[in-house]
Structure formats: structure tokens, C-alpha cells
Amino acid sequence: MPFGAETRSDGSVRFRLWAPAADQVVLLLVDGGDEQDVGMNSAGDGWFELTTANARPGMRYAFRIAGERVDGQQTVPDPASRFQPADVHGPSEIIEPNDFRWPDGEPWRGRPWEEAVCYELHLGTFSPEGTFAGAAQRLDQLAELGVTALELMPVAAFPGQRNWGYDGVLPFAPDASYGRPEDLKALVQAAHDRGLMILLDVVYNHFGPEGNYLHLYAPQFFNERHQTPWGAAINFDGPDSHNVREFFIHNALYWLEEYRFDGLRLDAVHAIADDSEPDILTELAEAVQERLGQRRRVHLVLENDGNEARYLARRQNGMARWYRAQWNDDFHHAAHVLITDEQDGYYADYSTEPAWFLARCLAEGFAYQGEPSPFRDGARRGEPSAGLPPGAFINLLQNHDQIGNRAFGERIASLAFPEALRALSAVMLLAPSPPLLFMGQEFMTETPFLFFCDFGAELADSVTQGRRREFQRFERFADPQAREAIPDPNDPVTFERCRLDWEALKADSRHREWWLFHQQLLQLRQREIVPRLDGIDLGQRRFETFANRAIQVQWRLNDGAVLTLTANLSDAERRWEALPLPLAGEALYLEPVGLGDALADRHLPPWAVAWHLASRQQRQESQPEPRHPQQAGVDGQTHERAAP
């Protein structure tokens with residue numbers, strides 16, 4: 001790695017810092033109570049270097065910066081620090097990466113993406129301990145549930161003891177509140193021992209507001225030409241951007257190689273400003289493939305509000321050209337409207353025909369593939385995605401954002417009726433696209449997930465007041481007194497309220513029933529659906545809506561079998577003259593009880609879900625029910641059309 005502190009085979013340590021705005025850089029070595037200053041050598045192009053035998057793993061160090069942007073001298077941590085034992089303002093620690101001993105024997109090579117069942121968790125609130133070691137103690141339960149891929153919210157060092165992780169400022173250092181680097185490696189190994197993939201959420205669109213010292217000695221890290229919600233954008237395309245790009249590319253490689261993560265989720269890449277060719281997303285993905293692609297399976301995942309399908313393109317052999325998948329916010333939004341009837345904000349884009357939008361997500365990936373978005377004042381959003389496999393889209397009913405961005409952090413279980421939740425869960429868990437659960441969703445916990453942080457005094461009050469101002473546009477919070485009830489993100493009590501209540505799973509039979517429900521559906525998924533996903537027929541996917549909020553979606557799987565979903569996503573019974581798509585084969589899943597008879601009688605009870613699987617032979621033997629195009633539903637409308 002060209003940045004930071006690197007131990008050498010001869011026992012010395014090489015220190016390297018890019019500080020183009022510094023006139024002088026001095027290395028501060030801290031050994032217990034002893035401190036030593038050693039001048040660093042200018043190596044040209046803004047680099048300062050020093051190799052010394054007086055440093056060793058376990059010692060702490062920092063850089064003293066002198067320059068025109070600094071009043072006197074400023075002591076700063078290493079921006080490529082591998083560990084910050086005294087938080088982000090303190091000195092860094094020299095880490096010997098090879099001190100952790102990975103097991104001998106056949107190395108872990110990952111799992112196929114088609115097997116992915118993702119589980120997002122926040123380390124500080126997932127377990128009572130709130131640590132890497134505490135999370136490791138829960139892995140057996142997740143494996144038993146049917147989870148195959150953990151996704152950790154960001155762990156990069158952040159200010160204070162409590163944070164979602166998106167305010168990180170030292171992207172190479174696991175936050176000390178969760179444990180040491182070797183504890184994180186032990187968690188990765190524990191996941192692999194149980195056959196679980198483990199992915200890490202990384203943030204490459206901004207640095208947090210406290211503890212980032214780069215502007216003092218490397219302002220070239222930022223580009224004022226591009227502005228983001230956090231201020232000047234990270235400089236991926238301006239003068240001196242080469243070293244900035246290398247910093248983040250090496251960060252991705254670092255987590256994948258040094259920690260052996262199975263993949264990364266890149267947060268909110270729509271907020272990355274980069275006009276260069278190739279852009280940073282492309283260059284990073286190609287660097288990962290070149291370095292690791294032949295050795296083991298690595299999965300890169302995006303969050304991208306722009307629905308830019310080009311980043312998910314496949315090669316001739318079906319493998320991802322750059323990114324394996326994207327969180328499908330469209331699926332979440334459409335499902336949320338269906339089960340809550342909420343229509344504020346971006347939910348307005350799905351309120352006209354939420355069932356149509358959901359069905360399109362299931363069949364084609366994105367709901368918005370270039371159509372105008374009313375929420376965005378008519379701006380077109382998205383790119384065509386129907387040519388991509390279902391594995392390119394991760395479907396979800398909730399995640400940290402969709403819960404925590406609510407004023408009181410309510411879970412979906414607190415907002416929707418159980419019947420609606422069971423129906424949409426059955427749709428998500430058995431559809432060909434990989435599903436994602438947010439921690440505790442498997443037993444429908446009511447524990448909130450609020451926005452929390454632990455900023456210093458100068459920033460804390462402005463964050464609290466800013467949080468409350470965000471909600472004043474909602475009628476419920478128009479009154480200032482109502483806004484005062486919104487929890488203070490900096491209050492430790494806010495954080496403690498979010499700690500997952502695992503005891504509820506034992507104490508309340510309702511939670512146990514939800515856990516068994518998810519386990520049984522995931523077992524069915526792994527047995528009947530997953531083996532048929534690799535090489536799925538991309539040209540044979542159809543979706544229809546009928547009878548007002550009833551849908552059918554159909555996929556041709558890799559062995560020629562046809563998977564058909566028929567669902568009533570409303571609280572009213574739906575009847576029809578003829579189903580848009582014929583049913584054939586065996587019923588994999590029917591709910592509620594008696595749904596088979598109801599289908600024969602041409603009606604669907606409220607929140608009914610039916611999954612059928614017809615083998616190639618069954619499909620050839622069945623005779624489709626004839627229908628006229630104008631008999632697609634009781635409303636006499638067909639629905640193979642553009643987005644409403």
C-alpha cells in the first residue's frame with residue numbers, strides 16, 4: 001500500500017504521507033510515555049517518507065504538519081491508519097497485518113451470488129456487547145435461519161463511541177469501539193467457518209464532519225467544482241486526483257485482501273461526482289477484478305439512486321462486468337406503499353399503481369428505467385434494466401436508512417398489519433432476486449433503529465437541531481413542540497434504545513413464529529429456487545397486474561421450469577374472469593389456508609400469495625387457459641405498457 005505505515009521484513013517501518021500543502025512533516029513516535037520527533041523526507045509530488053528501525057508494531061504515531069494552512073504546527077493521525085485506539089483525534093497505532101493467523105488448509109473461495117440471502121447489521125446494536133466478538137456469537141443462529149451473506153454497516157473509524165458508520169473519517173481503521181483489527185478478522189473467519197459470506201459497507205462519497213484533517217495538508221482531496229450535501233466533493237476528476245483515486249482503490253483492495261471480506265457495498269454512489277473516463281466506480285471495480293477475480297469470488301454491490309443499469313452489465317459468460325448487484329430501492333418503495341399507504345416524499349412516485357411498480361421490479365429490476373419522476377420535478381430517472389438477471393437486484397422491505405430516517409425509527413412491524421407483512425415477505429423471500437433482511441426483521445422486532453451519533457460539543461447541538469428541522473415540512477411536526485419529541489441523536493439513551501432485543505425471541509411466541517416463518521421460506525428458496533437461478537432465461541420474464549392490486553409474475557429458470565407468482569396485495573378480495581398468466585405445475589407456497597380452492601374458484605383472498613413451479617415436462621403437458629387480451633382483469637385493462 002503506498003499510504004500509511006508498512007512493516008518491513010527487516011523489522012523497520014516505512015511511513016508515507018501525501019501532504020502537498022505541507023512545508024514540513026515530522027513523525028511523532030509514541031512508546032508508552034516516551035515521545036520522539038523524527039523529520040520526514042520530501043519525496044516529491046507532495047509525498048513525505050521515512051523508514052526507521054525505531055518503530056515497531058504496537059507503538060503509536062502521528063504526523064506534525066507545518067504549512068501555510070496551519071497555525072504553527074498541527075498534530076494529525078495517519079489518514080491511512082490501520083487502527084485508532086484513542087479515537088479519531090488521537091495517534092494511530094502501527095499494525096502488523098500478519099500477526100493474525102488465518103487457518104491453514106484450503107482457503108475460502110466464497111459462494112456463488114445466486115445463493116445470497118443478505119443480512120444487514122449494525123455492530124454496535126446487533127449484540128449486547130456491541131463488538132466484533134459479540135456479533136460472532138450470533139452467527140450460528142443466522143446460519144440456522146438460512147442467511148448466507150452478512151453485510152456490516154461501515155466500521156471505518158468515526159468520532160465518539162456511537163455512530164451509524166457513515167461519518168467515518170479514517171477509512172482504513174476499524175473503529176476501536178467495536179474491537180481491534182484482529183477481532184474483525186476473527187469475525188470474518190468465524191463467518192467463513194459457518195459457510196457465510198461477509199460484505200462490508202464502505203463510504204467513498206464524503207468524509208464525516210468531525211476528525212477529518214485532510215483539508216489542512218491535502219486540500220487536493222476535494223474539488224470545489226462539484227458540490228454535494230456534505231460540501232465540496234471528493235476529488236476524483238480534478239487536478240491531482242490520481243492520488244485520491246489510488247487512496248480509495250487501495251482501500252477497497254485492503255478490506256478484500258487484508259481482511260478477506262467477500263465483497264463491498266458502496267454507499268450512495270449517486271453522490272460521487274466524477275466526470276472522468278473511466279470514472280472511479282469503473283476503475284475501482286476493474287482493479288478488484290484484476291487483483292482478485294481469478295482467486296476467489298468477490299461481490300461488489302452498489303447503492304445508486306440514479307438506477308444506472310450500465311454499472312451492472314454482464315459479460316458474455318454471465319459474470320458481472322463491474323458490479324454484481326444493487327440495492328433495489330424501487331422494490332422497497334413500492335412494497336412500502338402497498339402495506340402502509342404512506343405517500344409522502346419519494347413514496348409519491350409509486351402511489352398511483354404500487355402493484356404495477358412492484359411487479360415490474362420483480363420481472364425487470366428497476367421500476368424507473370428512464371421514466372419521469374414526479375418527486376424529482378419530472379426529471380427522468382434510471383436506465384433500462386430488463387436485460388439484466390434477477391441477481392443484479394437486491395430486494396428489501398427495510399434497511400437502516402428506511403427505518404432510521406423516520407423521526408422515531410419505527411420498524412415495518414410497527415407500521416403494517418401482520419397479514420400484509422407475511423404476504424410481502426413471501427414475495428421477497430421466494431423471488432429469484434436475492435433478498436435482504438435488516439437485523440431483527442427475521443423475528444419482526446419492534447426495537448426501533450434511530451439515528452444516533454456522538455459528536456463533540458461544537459457539532460452535537462447543530463446536528464440535533466438539524467435533525468429536527470428535517471421533519472418540519474411534515475404536518476405532524478409543524479409545531480416546534482412536536483419536533484422537540486424527536487430523539488436527540490447524541491443522547492446515549494437514543495443509542496441504547498436501538499440495541500436489538502434478542503430476549504424477545506425467547507419470551508414471545510409471536511417473534512418465534514416469525515423466525516420460523518422466515519426459516520421455512522429460506523429453506524424452500526435454497527431447495528427449489530436457488531439451484532435454478534444460474535443462467536436464468538433473461539428473455540422469458542413477464543409481469544401483469546389485474547383486478548386492482550393483484551399481480552402475476554413469471555420467470556423461465558435455467559432448467560426450463562417456469563416459476564409463477566400470483567398475489568393479491570390488498571386488504572380486499574379480488575375476482576377475475578381469467579388469469580393473465582396460466583398456472584401450471586406444483587404449488588410451492590400457498591397462503592392463506594384454502595388458497596388452492598380459492599384459485600380454482602377464481603378469486604384471491606386479501607393478502608394472498610401463491611408460488612407455483614412447473615417443470616419443463618409439466619409445462620408442455622399443461623394447456624393454458626385461453627383468454628382475450630381484454631379479459632386480463634375485471635377492469636378490462638391490459639397492463640403490458642409503459643410506467644404509469
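This note goes through some local features of the structure, point by point.

1. The model is predicted: local features need pLDDT of at least 70, side-chain atom pairs count only at pLDDT 80 or more, and totals for chains, interfaces and linings use all residues. Residues are numbered from 1 along each chain as its sequence is written, and side-chain values use heavy atoms, with hydrogens and water left out.

2. Helices α8 (residues 329-340) and α9 (residues 354-364) have axes that come within 9 Å and cross at roughly 150°. Helices (H or I, at least four residues) and strands (E, at least two) are DSSP runs, numbered from the N terminus. Axes are lines fitted to C-alpha atoms, for helices over the stretch in contact, and angles run from 0 to 180 degrees between N-to-C directions.

3. By class, the contact of α8 with α9 has 11 nonpolar, no polar and 1 charged residues. Here Ala, Val, Leu, Ile, Met, Phe, Trp, Tyr, Cys and Pro count as nonpolar, Asp, Glu, Lys and Arg as charged, and the others, Gly among them, as polar.

4. Helix α11 (residues 418-430) has 13 residues and reaches 18 Å from its first C-alpha to its last, close to the 18 Å expected at 1.5 Å a residue; the expected span is 1.5 Å times one less than the number of residues. Of the 13 residues, 10 are buried, so α11 is largely enclosed by the rest of the structure. Buried means under 20% relative accessible area, exposed over 50%, and partly exposed in between (1.4 Å probe, protein chains only). The buried residues include Leu 421, Ser 425 and Met 428.

5. Strands β15 (residues 222-228) and β16 (residues 231-234) run antiparallel and are joined by 4 bridges; two strands pair if DSSP finds at least two bridges between them. A hairpin of 2 residues connects β15 to β16, and Thr 228 has Gly 231 as its bridge partner.

6. Most residues other than glycine have a negative phi, and most peptide bonds are trans. Asp 377 has a positive phi, near 55°, and is exposed, with a relative accessible area of 76%. Met 444 has phi near 50° but is buried, at 3% relative accessibility. Cis peptide bonds join Glu 277 to Pro 278, with omega about 0°, and Glu 591 to Pro 592, with omega about 10°.
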